[in-house]
Amino acid sequence: MKIILSAVIAMLLAGASCAQPKKEKFTVQKTDAEWKKQLTAEQFDVTRKAGTESAFTGKYWDDHEKGIYKCVCCGQVLFSSGTKFESGTGWPSFYQPLVKQNVLENNDNSFGMGRTEVRCSRCGAHLGHVFDDGPKPTGLRYCMNSASLDFVKN
Ligand SMILES: [Zn+2]
């Protein structure tokens, strides 16, 4: 009886693991309920549901202070004010991340647009998109949501 039971359990476990969608592993993982406690409604929508704040409404698109922009969810350092530039888009824009490994770039074909999504590598927060029409020296434009960032003055 015991042997049959463990066989059934093993089968169930095998079935369950096959049915599980492939999940990305991040150092910081929280449930939606936990994120909602920590974030404002807009921060949650942008970072956890890949939303986009309206242009010219965020805290940082017109911010010119010197400092570091961190992930609003987990505090990982993402961008420096030294690489921020005037993109005219109404979103804070940078030509490169502070540490390349701190951001993940994934193809995003939502809305029929072939864009590259940028996420925090530590907690998976959606930050914005990167485009190849930026200024020198990289030619890249990291178009970020203010709602995904937390600015710390130098
Ligand atoms: Zn993060």
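Predicted model: local features only at pLDDT ≥ 70, side-chain atom pairs only at ≥ 80, totals over all residues.
Reader: Where does Phe111 lie?

Author: Phe111 is in the loop between strand S5 (103-108) and strand S6 (115-120). Strands (E, at least two residues) and helices (H or I, at least four) are DSSP runs, numbered from the N terminus.

Reader: What makes the phi of Phe111 worth a remark?

Author: Its phi is near 60 degrees, a positive value in a residue other than glycine. Most residues other than glycine have a negative phi.

Reader: Is Phe56 buried or exposed?

Author: Phe56 has 10 other C-beta atoms within 10 Å, so Phe56 is exposed. Gln101 has 8 C-beta neighbours inside 10 Å, and therefore also counts as exposed. Gln101 sits in the loop between strand S4 (93-94) and S5. Its C-alpha is 7.1 Å from that of Ser121, although the two are 20 residues apart in sequence.

Reader: What makes S5 and S6 a pair?

Author: Two strands pair if DSSP finds at least two bridges between them. Six bridges join S5 to S6, and the two run antiparallel. Glu105, in turn, stands opposite Val118 in S6. The two strands form a hairpin with six residues between them, and Phe111 is in the turn.

Reader: Which strands make up the open sheet, and in what order?

Author: The open sheet has six strands in the order S3-S4-S8-S7-S6-S5, with antiparallel pairing.

Reader: Why are strand S3 (84-85) and S5 called edge strands?

Author: Each of them pairs on one side only.

Reader: What is the whole chain made of?

Author: The protein chain has three helices and nine strands. Starting at the N terminus, the elements run α-α-α-β-β-β-β-β-β-β-β-β. Of its 154 residues, 29% count as buried.

Reader: Why is Leu127 called buried?

Author: Leu127 has 28 other C-beta atoms within 10 Å, so Leu127 counts as buried. Leu127 is part of strand S7 (126-131).

Reader: Which residues does Leu127 touch?

Author: Contact requires C-beta atoms, placed from the backbone, within 7 Å of each other. Not counting residues up to four places away in sequence, Leu127 touches Leu78, Val103, Val118, Arg119, Cys120, Met144, Asn145 and Ser148.

Reader: What is the largest nonpolar core made of?

Author: A nonpolar core is a set of buried Ala, Val, Leu, Ile, Met, Phe, Trp, Tyr and Cys residues joined through C-beta atoms within 7 Å. The largest one has 25 residues, and those with the most contacts inside it include Leu127, Tyr142 and Met144. S1, strand S2 (77-80), S6, S7 and strand S8 each supply at least two residues of this core. S8 gives the most, with three residues. Tyr142 also has contacts of its own beyond four places in sequence, among them Phe79, Pro97 and Val130.

Reader: What puts the buried residues of H3 on the same side?

Author: The buried residues of H3 are Gln43, Val46 and Thr47. The arc is that of the directions from the helix axis to the C-beta atoms. These residues cover an arc of only 85 degrees, which means that they are on the same side of H3. On the other side, Ala41 and Lys49 are exposed. S7 is included in what covers the buried residues.

Reader: Which peptide bond is cis?

Author: The bond from Lys136 to Pro137 is cis, with omega near 5 degrees. Most peptide bonds are trans. Pro137 is in the loop between S7 and strand S8 (141-144).

Methods. Residues numbered from 1 in each chain as written. Buried ≥ 20, exposed ≤ 12 C-beta atoms within 10 Å, placed from the backbone. Contact = placed C-beta atoms within 7 Å.
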